[in-house]
Amino acid sequence: MRPIAVQELFRLWSLQAGPVFTLQLGAKHWVILNTAQSVKDLIVDRSTIYSSRDLPSTLVDDIMGGVSKGGGFAFYPYGPEWRHLRRIAHGGLIKKKINEYQPIFDDRRNTLLANLWNEQLTTSTSTARDGFSLTRFIEHYTMTSILAIAFGNMCNFDAGDPRLHQAFSLTERTAAIFGPAEQMAEFFPMLKYLLPNRKQEYIDVRNNIEDFYGGLLAEFKERLQQDGDGVEDCFIKEIMQNGELTDLQMMNFITVFVGAGSETTASTLEWMIALLANEPGVQDKAYDEIQTNVGPFRLPGPEDESSLSYLQCVIHETLRLRPPAPLSVPHATSEDDVYNHWRIPKNTTVMINLHAIHKDPVRYPNPNVFDPDRHLDYVQRRAPQQRFSQTIDDRPHLAFSTGRRVCVGIHLAERSVYMAASALLACFRFERQDEHALIDVDTPKDLRSPTFAPSPYKVKLVARHDGVKDLF
Ligand code: HEM
């Protein structure tokens, strides 16, 4: 039997047990929400009760410094510490700020294109013939964009720099802690004594966070002390000048900020290219739209987004079909509650099965088909009026979740994905290694991981026209 991801298992169970079901896992009580209606009823309409977290203490205390002293707010329960840190994150991620960051996206996007150009079109014939993996180039784009927003222009990493890859894998290793293996020990506390002791792995993650993010912060602080006015404006400068966070808080905060933003955005782009390489017709339609509305002599910018409806649909459809966090981040109840006659006690873990919601055939007919056109009505008619709405029926998908814990980086993520996607499609056609074999878009890189990235794949890049190299 083929192993399946836990979100798909939950979806299949929901078809038998009903849209909301509970799991009693040893000492832990889980409720799984598999429909948009139940998410609206609980996560949105009863958000004061359903917006907490109850995650393993390894993550909250050992790695993220503890609720009262640390800064890893994504994993903290609902309360004043979370609210304080979330407010600071929100301040750096509101729409107005994203426009201020635009020069960073322009620069990072050009570097991404130049790196791909060099890899495919000016290196060995075998690269041109066999194609190559985009992973390290896309990771470089997402990670260095966010690092530049946080630290200004001091973080100069080449694509493939092992330190960048290490920082990327830190996010995966941190996320794995709320994946199945660690949670089992939480379900059955006895197992903590019986299972192999993973303490060394956590100490290692903690040390790596201190080396990478702690090192960047120390370097930044030194620059600020030496020449405060000479250091360009950036998010960390603002936080330091406001003096609201301790060094420990800042280190955890930036780990969460960069980690949450880089891996999710990178896997969205990787899924998108894989899906488009499998659907050349969709890819050509997106390219034609760019040619018609932007032309061949410049790259699309944010001002073109509203005229690139089909591209917006491609991005929405990628996030619907392959949400990077298919079970969101587990919520928890902060009080006892009753829903449809069921008692849901305080400290129940509440899983939002975004994957199941995105596969609902009533909301999305033929849900397994990659069909960007299904979002056209939203993009052309509804979105302009509902730009800032986060409610469920106003959004084409729930990949960013909803309610009080909705992804705080949503505007940054949307801009980052749009900038890369529009540029990549304006410059290149992405072709499969073997035109007779589809890229595997069904098997994720790691079935056990709470994040959802594609298995490694290679594609060939073909320049769309002779003037491509002059665009970046
Ligand atoms: C395509 C890209 C992204 C996707 C799909 C995504 C998705 C999500 C999801 C599903 C959650 C959990 C929400 C919940 O608990 O219900 C979340 C939380 C979060 N995201 Fe994102 N995210 C993305 C990009 C970003 C970016 C760019 C940043 C910031 C730079 C970011 C920062 C965060 C933070 C800090 C949280 C925790 C919020 C909290 O607990 O209050 N994310 N995101």
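The model is predicted: local features need pLDDT of at least 70, side-chain atom pairs count only at pLDDT 80 or more, and totals for chains, interfaces and linings use all residues. Residues are numbered from 1 along each chain as its sequence is written. Helices (H or I, at least four residues) and strands (E, at least two) are DSSP runs, numbered from the N terminus.

**Ligand shell**

- The ligand is surrounded by 28 residues, a residue being near a molecule if its C-beta atom, placed from the backbone, lies within 6 Å of it.
- Gly-261, Thr-264, Ser-401, Cys-407 and Gly-409 are the closest.
- Helix 15 (247–278), helix 5 (80–93) and helix 20 (410–427) each supply at least two shell residues, and the largest share, seven residues, comes from helix 15.
- By class, the shell has 18 nonpolar, eight polar and two charged residues (Ala, Val, Leu, Ile, Met, Phe, Trp, Tyr, Cys and Pro count as nonpolar, Asp, Glu, Lys and Arg as charged, and the others, Gly among them, as polar).

**Helix packing**

- Helix 10 (residues 162–176) packs against helix 15 at an angle of about 95°, with the axes 9 Å apart; axes are lines fitted to C-alpha atoms, for helices over the stretch in contact, and angles run from 0 to 180 degrees between N-to-C directions.
- Helix 10 and helix 15 are therefore roughly perpendicular, the term for angles of 65 to 115 degrees.
- Phe-168, Leu-170, Thr-171, Glu-172 and Thr-174 of helix 10 make this contact with Gly-259, Ser-262 and Glu-263 of helix 15 (contact: C-beta atoms, placed from the backbone, within 7 Å).
- The axes of helix 16 (residues 280–293) and helix 20 come within 9 Å and cross at roughly 95°.
- In that pair, Gln-283, Ala-286, Tyr-287 and Ile-290 of helix 16 meet Ser-422, Leu-425 and Ala-426 of helix 20, a contact with five nonpolar, two polar and no charged residues.

**Helix 9**

- Gly-152 follows helix 9 and has a positive phi, near 75°.

**Val-31**

- Val-31 lies in strand 2 (residues 28–33) and is buried, with 23 other C-beta atoms within 10 Å.
- Not counting residues up to four places away in sequence, Val-31 touches Val-20, Thr-22, Ile-344, Thr-348 and Val-350.

Note on methods
Angles under 35 degrees count as roughly parallel, over 145 as roughly antiparallel, 65 to 115 as roughly perpendicular and the rest as oblique. Two residues are in contact if their C-beta atoms, placed from the backbone, lie within 7 Å. A residue is buried if 20 or more other C-beta atoms lie within 10 Å of its own, exposed if 12 or fewer, and partly exposed in between; C-beta atoms are placed from the backbone.
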